[in-house]
Amino acid sequence: MKGFIEEFKTFALRGNVLEMAVGVIIGGAFTSIVNSLVNDVFTPILGILTGGIDFSSLSVGIGGAQIMIGNFMNAIVSFLLVAFSIFLFVKAVNRFTKKIKEEAASPAVNAQEELLKEIRDLLKEKKS
């Protein structure tokens, strides 16, 4: 039993598991932000653009079954809005991280350029 507990402890405290747990928690919190963006911002704008059409009541009856086409259409629109929201967020994060990486890399490039210029100048002096 002691070996089992040690093995579980090693597994549970492994870096990847902790990072995944943090990702799941942050993902849960991020879900509420994306849902709010879709429900409170994008959906009302879409409602204005479509004249307030509600597709949820659209259905087709086949025999005794009702196929709720409208609910399916709403689910597709919601998915597209959520995907678009996440795309905008990832695009913004990528732009931010790219800017940070460029700022971090530019001093090293400038120092390298300076060193190369010094070497060039020394070689010019040596030739003359």
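These legends describe close-up views of one predicted model. Residues are numbered from 1 along each chain as its sequence is written, and side-chain values use heavy atoms, with hydrogens and water left out. Local features need pLDDT of at least 70 and side-chain atom pairs count only at pLDDT 80 or more, while totals for chains, interfaces and linings use all residues.

View 1. Phe-42 sits in helix H2, residues 15–49. Helices are DSSP runs of H or I with at least four residues, numbered from the N terminus. Phe-42 is buried because its relative accessibility is 18%; buried means under 20% relative accessible area, exposed over 50%, and partly exposed in between (1.4 Å probe, protein chains only). Contact means heavy atoms within 4.5 Å. With neighbours within four places in sequence left aside, Phe-42 touches Leu-37, Leu-81, Phe-84, Ser-85 and Leu-88. Met-20 is 22 residues from Phe-42 in sequence, and the C-alpha to C-alpha separation is 30 Å.

**View 2. Ser-85 on helix H3.** Ser-85 belongs to helix H3. Its relative accessibility is 4%, so Ser-85 counts as buried. Beyond neighbours within four places in sequence, Ser-85 is in contact with Val-34, Leu-37, Val-38 and Phe-42.

**View 3. Two aromatic pairs.** The structure holds two aromatic pairs. Phe-30 and Phe-89 make a tilted pair, with 4.6 Å from centre to centre and 45 degrees between the planes. This pair links distant parts of the chain: Phe-30 is in helix H2, Phe-89 is in helix H3, and 59 residues separate them. Phe-30 counts as partly exposed because its relative accessibility is 22%. Phe-89 is partly exposed too, at 43%. For Phe-42 and Phe-84, the ring centres are 5.9 Å apart and the planes meet at 55 degrees, so this pair is tilted. Phe-42 lies in helix H2 and Phe-84 in helix H3, so the pair ties together parts 42 residues apart in sequence. Phe-84 has 42% relative accessibility and therefore counts as partly exposed. Rings of Phe, Tyr and Trp (its six-membered ring) pair if their centres lie within 6.5 Å; planes under 30 degrees apart are stacked, over 60 edge-to-face, and the rest tilted.

**View 4. The largest pocket.** The volume of the largest pocket is about 230 Å³. Its lining consists of Asn-39, Thr-43, Leu-46, Gly-47, Thr-50, Ile-53, Asp-54, Phe-55, Asn-74, Val-77, Ser-78 and Leu-81. H2 and helix H3 (69–127) are the elements that give two or more residues to this lining. By class, the lining has five nonpolar, six polar and one charged residues. Ala, Val, Leu, Ile, Met, Phe, Trp, Tyr, Cys and Pro count as nonpolar, Asp, Glu, Lys and Arg as charged, and the others, Gly among them, as polar. On a 1 Å grid over the protein atoms alone, a pocket is an open set of points with protein on both sides within 12 Å along at least five of seven lines, where a 1.4 Å probe fits; lining residues have an atom within 4 Å of a point. Grid points are joined across faces, edges and corners, and the volume is the space filled by probe spheres set on the points.

**View 5. The salt bridge.** The count comes to one salt bridge. Arg-120 and Asp-121 form it through their side chains, at 3.3 Å from N to O. A salt bridge is a side-chain nitrogen of Lys or Arg within 4 Å of a carboxyl oxygen of Asp or Glu. Arg-120 has 41% relative accessibility, so it counts as partly exposed. Asp-121 is partly exposed, with a relative accessible area of 35%.

View 6. Phe-11 lies in helix H1, residues 2–12. Phe-11 is partly exposed, at a relative accessible area of 42%. Between Phe-11 and Phe-89 there are 78 residues of sequence separation and 32 Å in space, C-alpha to C-alpha. Glu-19 is found in helix H2. Glu-19 is exposed because its relative accessible area is 57%. The C-alpha atoms of Glu-19 and Asn-39 are separated by 30 Å, with the residues 20 apart along the chain.
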